[in-house]
Amino acid sequence: MSTSAEAAHEHWPPQSFEDLIGTTRFDVHERAHITVDDTVCRGCPSRECIVACPAKLFVPTSDGGILFNYEQCFECGTCYLVCNREGAITWSYPEGGHGVVFKRS
Amino acid sequence: MKLTVCWKWVTVDGGEPDDRWAGVSPADEAALETALTVAAADDEVVVVSAGPPGAVAALRRALAAGATRAVRIDTDGAASRDVATAVAAIAAGSDYVLCGDYSLDRGTGSVPAFLAADLGAAQALGLVSVDVTRRPVRVVRRLDGGRREVLDVPAPAVLSVEGSVARLRRASLAASLASNSAPVDVVGGPPRSEQVAVVTAYRPRARSLPAPAGGTLTRVRDILDIGGEPVHSESVTLDPPAAARRIVDQLRDWGHLPA
Amino acid sequence: MPDPDVDVVVVGAGPAGAAAATVLARAGHSVILLERGPFAGSKNMYGGVVYPRILDQLHPQWWEDAPVQRWITRRSTMVLTDDQALTVDFRSERWGRPPFNGATAYRPDWDHWLAAKAQADGATLVCSTTATGLLREGGQVVGVTTDRPDGDLRAHVVIACDGVNSFLAKEAGMYGEVDAANYTVGVKETIALPKDVIDARFGVRGREGQDIEILGGTGGVNGGAFVYTNLDTLAVGCVLKLPKLSAQALRPEEIIDGLKRHPAIRPLVEDGEVKEYSAHVIPEAGLSMMPQMTGDGMLVAGDAAAMCLAAGIWLEGVNFAMASGMYAGEAAVEALAAGDASAAGLAGYERRLRDTFVLRDHRKLRRAPELVLSDRVQHLYPEMIANTVERMFRVDNPAPKPGLRRIFSDERRRAGVTLRDLARDALDGLRSFG
């Protein structure tokens, strides 16, 4: 029983996040529309953004900071909503015509 | 002075000819920006695109950015030889014709070459910078091996610029509003070519492989798949026809072409 | 005050903005519809089902050219535990013919279509243009600034349909404190499968489609999940409550992955190829989070006004957006006719919202979002219900069948649900849904 379940699992390997986000179109602007004040993040106990951001844009660094990307951003607003430290994440929309372009959403 | 900019309007992922899923390459946009920078106030900047009616949206964006006239050659899937002839009729009399060095579909780049031939103009490809303050314009070409070539290109010339040369200026709000109803000239175009083959590159999916065993050198070779016989290079100096034959023979030797 | 460039600026060419622009253009007013994406709908994402009957007024026979994927003729509600699934399944042929009920559609198609209708009626759509702020004189909003050169745009009325993050409504001070507890994030994968495979797996034909709403299946995070059928893709995703999202240390895409591997879901979705991954924040809390909707020279509609109805068995948004946009447009027409764009002149907006389903539904269902996302409904009831049904249908011979009341009482206790809590939730549910 367990072997057949394992065999079935074999046929459906987990999808890498890079492949997943690679399916979405982003017309990236050269200027970042997100900025993170890393010094604020160093004191943040929860770091909700790391888990919550659906685009996985926030990555913890070994020295307690946060590394962020803005390129493959859904522009959803989850990060600043879950951010419990006032002002750590500054977020606006990218310049008109840039950023995410959905097709089958 | 007359400047002509050629835009290739391409459907992004093989879908419907709809501007939502189509556009022009950053290199094409850089070509327009270069033309707008070159142009003096009373110069004419014509943007031309050979494509279906959906291309009008892109041409209007060009008008909003500052092009003086936009022309659509009404065609869809014509051979580049025929497209070049149609574009040449519009570009005739231009001092410079500016093209993007690549299109969104990474086509063959044959239209600018045909165009230069038709116009009796010089051609410079792979431009990484264009100094518009000089006459003739001074350009820097990208060569193989990281080298550069500096050329003074007298008019008339067809110049193909890379996307990094310039970023297309942002149209003002008033210009964007006006471009909504701006006229785009339409001229008849060549028929669809049955010989146009659409080939897309095969992109292999990531796959999991067992961890390589052995020493560092063996593992590197395994990963890079260079375990087989080394290929020796040779240098020969030949005239162009003989060089072409030599390349074809070699490819056949290696099994890349049918014997 | 200088002459405005245009009668009305509508910010955001989503369903609310397009509806507002249509109403205004038809009344003969000059209206500019600003869209920050390269085309209307390019930034928009939702679960996947729209209920377009409100368009009967604005675009009669809308179904003749609406970019619909499938008509929902099969509506299912599923309760998932780790290894159980209970589905209530309803189907009606009537929903597959005019005037229809729900439909799946892609937002880049739907919103583009609606905006094109506004353009056809005379509205001017300007894409790739982000409204960056409000122009104000005294207390009166007199236009917006945009991110284009010379981008100020003056108008008698600004209608902010700029989505859930509505920076304009916030700038105008129409929102109180923004609380993450009022929001969920929706994430989904659009998964391609051949049409005949979808037809066979979901038991539908032609343009018929199924809508499966799921309680559970979100990896212990409070929220819900869904599977919708498009023509040749499936929309598979979940809606996750923001404040508790990180508690399980599961990322959104991992939660979808878990959902896809659930024994009840996997046979529906496997072998499909992911075509797009998308996400969007949802204003979940309904009436309790709605901003002030009317200001001097300004109205707020759609998600910007927290119009989404997230009431568990009813999950609607686009219809509320279209309706609120339409009513905002009508109120602006009134105000322009009276030459009074103050909040008093624009008061027709909220009157219309109060008198129609928009605020009536929201008022009636004001307790529902909290109830549906409560810990008991999320974590205790699915087990309790599924285990009750499992024991009901389990043949435990030689043990005799226990009575249903006995089973339910056992399972309620086993799930740790007190009678008092159950009674309270049932009463809340009745008050909301009854």
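**View 1. Gly186(C) of strand β11(C) faces His280(C) across a strand pair.** The model is predicted. Gly186(C) stands opposite His280(C), a residue of β15(C). The two strands, β11(C) and β15(C), run antiparallel and are joined by 10 bridges. β15(C) spans residues 273–283.

**View 2. Strand β11(C) also pairs with β14(C).** Here 9 bridges link β11(C) to β14(C), residues 233–241, again in the antiparallel sense. Val187(C) has Cys238(C) of β14(C) as its bridge partner.

**View 3. Strand β11(C) is covered on both faces.** One side carries Tyr183(C), Val185(C), Val187(C), Glu189(C) and Ile191(C). The other carries Thr184(C), Gly186(C), Lys188(C), Thr190(C) and Ala192(C).

**View 4. A hairpin in chain B joins β7(B) and β8(B).** 5 residues lie between the two strands. β7(B) covers residues 122–131 and β8(B) residues 137–142; they pair antiparallel over 4 bridges. Asp131(B) stands opposite Arg138(B) of β8(B).

**View 5. β8(B) forms another hairpin, with β9(B).** This hairpin also has 5 residues between its strands. In the turn, Gly145(B) has a positive phi of about 70°. The antiparallel pairing of β8(B) with β9(B), residues 148–153, holds 6 bridges. Arg141(B) has Glu149(B) in β9(B) as its bridge partner.

Methods:
Residues are numbered from 1 along each chain as its sequence is written. Chains are lettered from A and ligands numbered from 1 in the order in which they are written. This is a predicted model: local features need pLDDT of at least 70, side-chain atom pairs count only at pLDDT 80 or more; totals for chains, interfaces and linings use all residues. Side-chain values use heavy atoms; hydrogens and water are left out. Buried means under 20% relative accessible area, exposed over 50%, partly exposed in between (1.4 Å probe, protein chains only). Two strands pair if DSSP finds at least two bridges between them.
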